[in-house]
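Colleague: Please pick one end of this model and take me through it closely. Then set it against the rest of the chain.

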Amino acid sequence: MPAFKMRIQALLLSLSLLTLSWVSPSLAASEAIVSRVEALDAGFPVEVLGKPLFAREALSRFYNAREYQPAWHSPIARRQLIEAVHAVSREGLSPEDYHVTLLTELAYGDIHQHSPELQADLDMLLSDAFLLLGAHLLDGKVDPHTRQPDWSVSDQQPHLIKKLATALATNDVTGELASLRPDHPGYRQLVEARAELTKLLGRPWLSIPPGDIIRPGDSDDRLLEIRRRLRVLTDLSEREQRSPPVNLGMYTPEMKPALMTFQARHGLAPDGLIGRHTLEALNMLPIERVRQIDASLERWRWLPQSLGDRYVLVNIAGFSLTMVEDGLDAFQQKVIVGQPFRQTPVFSDRIRYLVLNPTWTIPRKLVIADQLPRIIRDPGYLDRMDIRVYEGWGSNQRQVDPATIPWADLTPEEFPYHLIQQPGPQNALGRIKFMFPNRYAVYLHDTPGQSLFGRIDRTFSSGCIRVERPFELAEWLMSGDPEWSRGTLDEAVTAQKTQTVMLPTPVPVYIEYWTAWVDNGGQLQIRSDIYHRDSTLIRALRQTPSGDGQRMTPVYLGMANDPGEHP
């Protein structure tokens, strides 16, 4: 609203005070709201009751639409908001970000007993709390692109303002805020798992000391605490809990399945042996697991409200790919992701086409760092791997005989060639790749290195995602096209001719990084933070708003920082 128009309204309000022997508290509160909104529009850092207002533009538009009348008359609406703010701690958010202490002290009961100035302050604090909390539930507190907390409520203003108006009109603040949360079982299940884990906070959690590997049948004093740990983490069966062995320091047969379950849901080899890695997982404090859940909940909030009826979901930290249809997992398989120094980025896109028998144009960075040293050491490497050397691009491109090139004399600054690996069994992309053109040049593809899928930690690629059973994925993606089946895909690959196949309908693909999730069996899964992204995200989540709204420390949250085509 233009400043002069607000000043006119403020002047009219002031004139009305001169003509009345008494002043309506509501009118005086409206005038106070006008002055605060005017200051917000002028760019001043407005504080009320010592707390900054963060939803600046949204607050201005909301109160402008209602002609600056106070909004929070209903004690039911106020109570619901305060309860909702208290409850967000269950989702890894901090109630203090949303003025919870002040609102709890002042906004219960009859706020009309307060002065008009205090009424205006409380009204705007309540609205600010709703808008900011709504924005964080809808899009996350931490902006994945700027990598810092977001207090501005800028991207979803019209939607959130409408939600606030509806919440107040219907006296259903609880329902309107709930509608902004991720509407996905994966999010709700994580919230429930978090609630169970918080019951363990503050309980004794003795560190289990290192030592020799404990095998079934062994006796070891450490088994007393290990058995208790498995019981409180619900891995130990009901039968074992009801009928404990006489010697609690013995590794009994009934204990092995519990150990294997624990190992599997922590991403360890489920061999039933209690070695160093298993002890480290057993020693993980409940608060550490809670923090992993908090990071995963925030990443859920970054996703759109609806993922679609049919989509592909890759969990980098879980080394898994899931094909989802109508809310159910159609297939799941293993993947190989980027090494810690060549990380796979987090982003979403749409798979648009397949390339059968692809060539691989090796990125210049990999040519210099990886290929050149191999070529110098092994003159037969290029021929054996069916890699051709070219100079120039497009119509000027010409193939060069590698035997004529003084490889040892080349430098990164003076390297005029590019390398293209031809289709075939040695090709790093395998027999098929799945394309969703993006600025990171990351995609899904086959691989000749199938043995690596047997490893527990599968960080072997240079950023792209290698798929364990690519033709199962291809058949599922092409299921809407009658011309393509598993048989026709196999025939096309056998022909060894590079071919591009468009999908009948582009399919969303979400490449995520979750170190905690609940599986289809209802078990909490925990994985290592392979790229060390959780700690930076948790620090950002713990940041509290400052007076200027700029207390923000850049953090790395998993967006790609080095685009380039690589397998």
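Modeller: Start with Glu 57, which sits in helix 3, residues 56-65. Keep in mind that this is a predicted model. Is Glu 57 buried, exposed or partly exposed? With a relative accessible area of 47%, Glu 57 is partly exposed. That class applies because 47% falls between the cut-offs of 20% for buried and 50% for exposed. Thr 459 comes 402 residues away in sequence from Glu 57, and their C-alpha atoms are 44 Å apart.

Move on to helix 4, residues 75-87. Its N-terminal end is capped by Ser 74. A side-chain oxygen of Ser 74 lies 3.2 Å from the backbone nitrogen of Ile 76. Helix 4 has 13 residues and runs 18 Å from first C-alpha to last. That is close to the 18 Å expected at 1.5 Å a residue.

Which residues of helix 4 are buried? They are Ala 77, Arg 78, Gln 80, Leu 81, Ile 82, Ala 84, Val 85 and Ala 87. An α-helix has 3.6 residues a turn, so residues three or four places apart point the same way. What covers the buried residues of helix 4? The cover includes helix 5 (100-106) and helix 6 (116-139). Helix 7 (157-170) and helix 8 (173-178) are also part of it.

Compare helix 17, residues 470-477. Because 6 of its 8 residues are buried, helix 17 is largely enclosed by the rest of the structure. The buried ones are Pro 470, Phe 471, Leu 473, Ala 474, Trp 476 and Leu 477.

Now the surface. Leu 285 is in the loop between helix 13 (276-283) and helix 14 (286-302). Leu 285 counts as partly exposed, at 37% relative accessibility. With Leu 201 and Ile 287, Leu 285 forms a nonpolar surface patch. Together the three have about 210 Å² of accessible area.

Last, the whole chain. It has 19 helices and 19 strands. Its C-alpha trace spans about 100 × 80 × 50 Å along the principal axes. Of the 567 residues, 51% are buried. The chain exposes about 26200 Å², and carbon and sulfur atoms supply 53% of that. Take the contacts between residues at least 6 apart in sequence: 71% of them join residues at least 24 apart.

Terms used:
Residues numbered from 1 in each chain as written. Predicted model: local features only at pLDDT ≥ 70, side-chain atom pairs only at ≥ 80, totals over all residues. Heavy atoms only, no water. Buried < 20%, exposed > 50% of the residue type's maximum accessible area, 1.4 Å probe, protein only. Helix = DSSP H or I, 4+ residues; strand = E, 2+ residues; numbered from the N terminus. Patch = residues over 30% accessible without salt bridge, like charges linked within 9 Å, V, L, I, M, F, W, Y side chains within 5 Å. Areas by Shrake-Rupley, 256 points an atom, 1.4 Å probe, with all protein chains shown as cover. Salt bridge = Lys/Arg side-chain N within 4 Å of Asp/Glu carboxyl O. Expected span 1.5 Å × (residues − 1). Contact = heavy atoms within 4.5 Å. Polar contact = N/O pair within 3.5 Å; in protein donor to acceptor, adjacent residues only side chain to side chain.
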